[in-house]
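Subject: Structure for you to look at

Hello,

Here is the structure I promised to pass on. Please open it first, then read my notes below.

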Amino acid sequence: MTDPVEQDGGRKPPTAEFRQQLQDIIPSLRAFARGLCGNRELADDLAQEAMMRAWAARDSFEPGTNFRAWIYMILRNHFYTTIRKNARMTSWDPEAAERILVQEPAQQHVIHMSDVEKALQQLPVEQREMLLLVGAGGASYEEAAEIAGCALGTVKSRLARGRTALAAIINGLDEGDQVENRHITAGRGAMTSAA
C-alpha cells in the first residue's frame, strides 16, 4: 500500500493539497474579513464560516485555479448575506423596549375582564341574559325578545336595569345604593332617589 502523500507521482492527493492551501490562507483571510467588517470577533466568525463552506465545497474547487480568489469570494458572499440578515434584525435593548412598548392606559381606572365576569355573576339571571345577548352577543332587541320569549319592552327594561346594576357593581357601590333604590320619574325622565 502506498503512502497517500506519494500518490500521483509524488503529488499530494487533492484533499491534502486543499487542506494545506486552506491552512496557508487563514491569516490573510482573517485580515480580509477584518477589513470588510471592522470587528475582530465578527471577522474571526466570518473567516471560520468561509473555511467551513470552502471545505464543504472542496470537490467543486478546480486545482490550478486561483484558490485565494475562490475563498475570498466565499467570505465576501457570506459577509453580504450576514449584513442583509442583520439589517432585518435589531438588537434587544430592554430599556428602550420598556419606553417604546409601554402604553399608558386610555382610562384612569382599568376594568379587567375578570372584574366584569364577577360583576355579571352578581346580576339576576334575566338581566345577565339580556346583557349577554344584546351587549356582548350583538343581538337586536327584537332578536333578544324572540330568544328569551318575552315582550320587547321587557328586554329593554331588563337591559337598562342590568347595565345600571353592572355599572354600580363595577364602580363599587354597596347593594343598598344600587338600582333597586332608584326610579325614574315617568313624566320628566329625571332620576330621583327613593325614600
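**Overall**

Keep in mind that this is a predicted model. The protein has nine helices and two strands. Read from the N terminus, the order is α-α-α-α-α-α-α-α-α-β-β. The chain has 195 residues, and 25% of them count as buried. I also looked at contacts between residues at least 6 apart in sequence. Of these, 50% join residues at least 24 apart.

**H3 against H4**

Start with helix H3, residues 40–56. H3 packs on H4 at an angle of about 125 degrees, and the two axes are 9 Å apart. That angle makes H3 oblique to H4. The crossing is right-handed.

Which residues of H3 and H4 meet? From H3 come Leu46, Ala47, Glu49, Ala50, Met51, Arg53 and Ala54. From H4 come Trp70, Ile71, Ile74, Leu75, His78, Phe79 and Thr82. By class, this contact of H3 with H4 holds 10 nonpolar, two polar and two charged residues.

**H6 against H9**

Next is helix H6, residues 113–122, which packs on H9. The angle is about 125 degrees and the axes are 9 Å apart. H6 and H9 are therefore oblique to each other. Their crossing is right-handed. On the H6 side, the contact uses Val116, Ala119, Leu120 and Gln122. On the H9 side, it uses Leu166, Ile169 and Ile170. The H6 with H9 contact has six nonpolar residues, one polar and no charged.

Leu166 is worth a click. This residue sits in helix H9. Is Leu166 buried or exposed? Its relative accessibility is 15%, so Leu166 counts as buried. Beyond its neighbours within four places in sequence, Leu166 is in contact with Val116, Ala119, Leu120, Leu123 and Leu131. Take Leu123 from that list. Leu166 and Leu123 are 43 residues apart in sequence, yet their C-alpha atoms are 7.2 Å apart in space.

**H8 against H9**

H9, residues 152–170, also meets helix H8, residues 141–148. Their axes come within 9 Å and cross at roughly 100 degrees. That makes H8 roughly perpendicular to H9. H8 brings Tyr141, Glu142, Ala144 and Ala145. H9 brings Leu152, Val155, Lys156, Leu159 and Arg163. The H8 with H9 contact divides into six nonpolar residues, no polar and three charged.

**Aromatic rings**

How many aromatic pairs does a search of the whole structure find? The search finds nine. One of them is Phe32 with Tyr72, and this pair is stacked. The ring centres are 4.5 Å apart, with 10 degrees between the planes. The pair links distant parts of the chain. Phe32 is in helix H2, residues 14–37, and Tyr72 is in helix H4, residues 67–87. They are 40 residues apart.

Phe32 has a relative accessible area of 26%, so Phe32 is partly exposed. Tyr72 is at 16%, so Tyr72 is buried. The cut-off for buried is under 20%.

There is also an aromatic cluster. Phe18, Trp55, Phe61, Phe67 and Trp70 form it.

**Two more residues**

Arg68 lies in helix H4. Arg68 is at 42% relative accessibility, so it counts as partly exposed. What does Arg68 touch, not counting residues up to four places away in sequence? The partners are Ile25 and Ser28. Arg68 and Ser28 are 40 residues apart in sequence. Their C-alpha atoms are 9.2 Å apart in space.

Gln127 is in helix H7, residues 125–136. At 7% relative accessibility, Gln127 counts as buried. Not counting residues up to four places away in sequence, Gln127 touches Arg158, Arg161, Gly162 and Ala165.

Best wishes

Terms used. Residues are numbered from 1 along each chain as its sequence is written. This is a predicted model: local features need pLDDT of at least 70, side-chain atom pairs count only at pLDDT 80 or more; totals for chains, interfaces and linings use all residues. Side-chain values use heavy atoms; hydrogens and water are left out. Rings of Phe, Tyr and Trp (its six-membered ring) pair if their centres lie within 6.5 Å; planes under 30 degrees apart count as stacked, over 60 as edge-to-face and the rest as tilted. Helices (H or I, at least four residues) and strands (E, at least two) are DSSP runs, numbered from the N terminus. Buried means under 20% relative accessible area, exposed over 50%, partly exposed in between (1.4 Å probe, protein chains only). Axes are lines fitted to C-alpha atoms, for helices over the stretch in contact, and angles run from 0 to 180 degrees between N-to-C directions. Angles under 35 degrees count as roughly parallel, over 145 as roughly antiparallel, 65 to 115 as roughly perpendicular and the rest as oblique. A crossing is left-handed if the near helix is turned anticlockwise from the far one by less than a right angle, and right-handed if clockwise. Contact means heavy atoms within 4.5 Å. Ala, Val, Leu, Ile, Met, Phe, Trp, Tyr, Cys and Pro count as nonpolar, Asp, Glu, Lys and Arg as charged, and the others, Gly among them, as polar.
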